[in-house]
Amino acid sequence: MCTWKFIMQQLQFANSMTKVFHIFKLFSKIFIKDRFNLFMIFFFNAFIMVIFGISMENRYENDVNIGIYGGINNKVYKQIVTDFESQKNVKLKIYGDNEKFKNDLENGNLTLGLSISDKKLSLFADNERALWSKFLQSTVEVAALKAYGVSPPVVHIVSIETRNKSYFDFFFPGILIFSIMQVGLSGGIMLLVQRTKGSLKRLKITPLRKWEFLLGYVSCYLCIMIIQVLGYYGIANLIFEYSFYGSLTNVITLLIGSSVLFILLGILLCNACNTVENGNNFNRFFVFPASFICGVFIPLSSLPEIVQKIAWFHPLTYLVEVTRKVANYNEALLNFQQYILGYIIMTSIIAYFSIKTFKWKENS
Amino acid sequence: MSANSYIIEIVGLNKFYDGLPVLKNINFKIKSGETVGILGANGAGKSTLLESIEGLRKIDNGNIKVLGLDIKKHQKKIQKNIGIQLQKTSLFEELTVEDNVKIFYGLYGVKKNIIDIINEFDLEKIKNSKVGRLSGGQFQRLNLCLSMINNPKILFLDEPTTGLDPKVRKELWDKIRELKNAGHTILLTTHYMEEAEELCDRIIFMRQGKIVADDTPKNLTKTINIPKELVIEVDKPITREEMHGLDSIANGTQIRIKSSNIMKDLMFVFEIFKNKDIQVIDVKITDANLEDVYMEIYNATTSIC
């Protein structure tokens, strides 16, 4: 009896999965046949990415990360820390381990490195950051002068080769998440179009269940997003020699997590709106400011404080910040426990409401 | 389920929209193989009734059994065995006719050759056309084809020929008649009395959410006392006034008279013609049709609805 029940369950599951596959195929076909949407989602963002990447290459430094190694009891050290702490865009990182200091320098996690000993002050910088090393050299010399009063020690500039963080490095993780958001929300609009036309009502009267439909839809859009990310990554790698510095598993986890969140948000948008016009307005309301305030194209730190505060109300800001740090600086996901917790709570709430309020047809 | 058992049973069905009743105490049963037409004016509740039976709308009280199963508990099981053509619906316009058929094939888990059903509904010439570019008739044919994909026991057709030209409408009637002859139970709503007369074994008239008549077309025209129409052709023009108060329309040499007592009225008219030296060329007596029945029922129920 139990075996029979098990076989029936397996058959039912296989039947459900066939239906999920057909819905997956349905939305893939609709997506592919909508050429304008295809252009906007795949090619327009890729075009913007290339144009921005080429025109702004190496003209950007988000924050000036200065690593200091050694000389904690040194007067110059104390003076430098005091001088730099008052500067908004300068971030100091103090190293006790010389190996780690060198690693971070070589991997481009630091804009400049300063090694302090009683006899010598050495500045480590990549040639491409010559401007920054000149700036720091003068600042260190001023600090040394303040500390010793007279005849400060000579600051040696040591040229090293580092992984240069260009504007593209800053920009690329952001555009990935931004594009994922666009696809997720445009999927919601497409769903809304089908609902207002009555096509979803036609599906409701088939043996298709709500969960089978939603699973088919979500997996289709997840697939589209994966293809999109791979395409963008291919372009970034070929043209800008970009590669993820951080753990690939972490980056993939973040991208999939973002995709799921925005697909669900798209479904919620579809449920909440009665007309396609409403949906488009909601979409604009969500996407347009996001491109300015969420740190995709412009670093958050360079925005006015009030805008920075507003930006943290948008889920894109969190996802862009975390993805950038994980992809470019190899930070562990566990360093963002609060963000991850927030993501889980937000995604769960959106998932609950998007499934609960899902409508096959207009209310009559 | 035996041939004479009830395939649809509705008991005490009520439905409200925002507190207003749209279906009021609906009760009827449909036998397997019957073709039943639901007729009524716009807003009478025809589509709501149909969609409630299909499981598309929740009912407030009462019971609906389809294929012996309760619609509230076995909605998906029932939907697997019925075919539905909705009134206001759209298919996936971006895709071709064949793509649409394939999707619905997949959802019903049908294993038949797709070409067979495409040919059966004369869709082979348009199978590569996008659905958004089909004419009204082609679209309804595709709709009918999709509702037949699972070879359903019951077919629900909600105004299947509304907006179609007479030629296409007749073609669709032929198709529906084929399905009827193949033994499918059909429940359809329509505004066209002619359509109901052509296709249905039984007619249910609805008015303001209530069933006001339920019988065969023949019985409806027989039992309801509707005046017949006398059409008389004469050799000289005659006016309405000259007919001395008879319920008539005079149009040149043709007079149309509504008559409840044919013999009495004919004698009276012939007397008038004799006095005016008018020769009768032709006399026709037409029976009441469903449209007359509908108007009669509509007028008779004005006070009760």
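The notes below take the interface and then the aromatic rings, as looked up in a predicted model.

**Interface of chains A and B**

I first looked up the extent of the contact: chain A contributes 23 residues and chain B 30 residues. The two chains bury about 2,700 Å² between them, with 60% of it on carbon and sulfur atoms.

I then turned to the polar terms. Five salt bridges are counted between chain A and chain B; one of them joins the side chains of Lys197(A) and Glu94(B) at 3.5 Å, N to O. Eleven residue pairs are in polar contact across this interface. Of the elements of chain A, α1(A) gives the most to the side that touches chain B, with eight residues. By class, I recorded seven nonpolar, seven polar and nine charged residues on that side.

**Aromatic rings**

Over all chains, I found a count of 32 aromatic pairs. Phe172(A) and Tyr242(A) form a tilted pair, 4.8 Å centre to centre with 55 degrees between the planes. Phe172(A) lies in helix α6 and Tyr242(A) in the loop between α8 and α9 of chain A, so this pair ties together parts 70 residues apart in sequence. Phe172(A) is buried at a relative accessible area of 0%, and Tyr242(A) is buried at 2%.

Definitions and conventions
Residues are numbered from 1 along each chain as its sequence is written. Chains are lettered from A and ligands numbered from 1 in the order in which they are written. This is a predicted model: local features need pLDDT of at least 70, side-chain atom pairs count only at pLDDT 80 or more; totals for chains, interfaces and linings use all residues. Side-chain values use heavy atoms; hydrogens and water are left out. Contact means heavy atoms within 4.5 Å. Buried area is the accessible area (1.4 Å probe) that two parts lose on being put together, summed over both. A salt bridge is a side-chain nitrogen of Lys or Arg within 4 Å of a carboxyl oxygen of Asp or Glu. A polar contact is a pair of N or O atoms within 3.5 Å; within protein, one must be able to donate a hydrogen and the other to accept it, and residues adjacent in sequence count only if both atoms are side-chain atoms. Helices (H or I, at least four residues) and strands (E, at least two) are DSSP runs, numbered from the N terminus. Ala, Val, Leu, Ile, Met, Phe, Trp, Tyr, Cys and Pro count as nonpolar, Asp, Glu, Lys and Arg as charged, and the others, Gly among them, as polar. Rings of Phe, Tyr and Trp (its six-membered ring) pair if their centres lie within 6.5 Å; planes under 30 degrees apart count as stacked, over 60 as edge-to-face and the rest as tilted. Buried means under 20% relative accessible area, exposed over 50%, partly exposed in between (1.4 Å probe, protein chains only).
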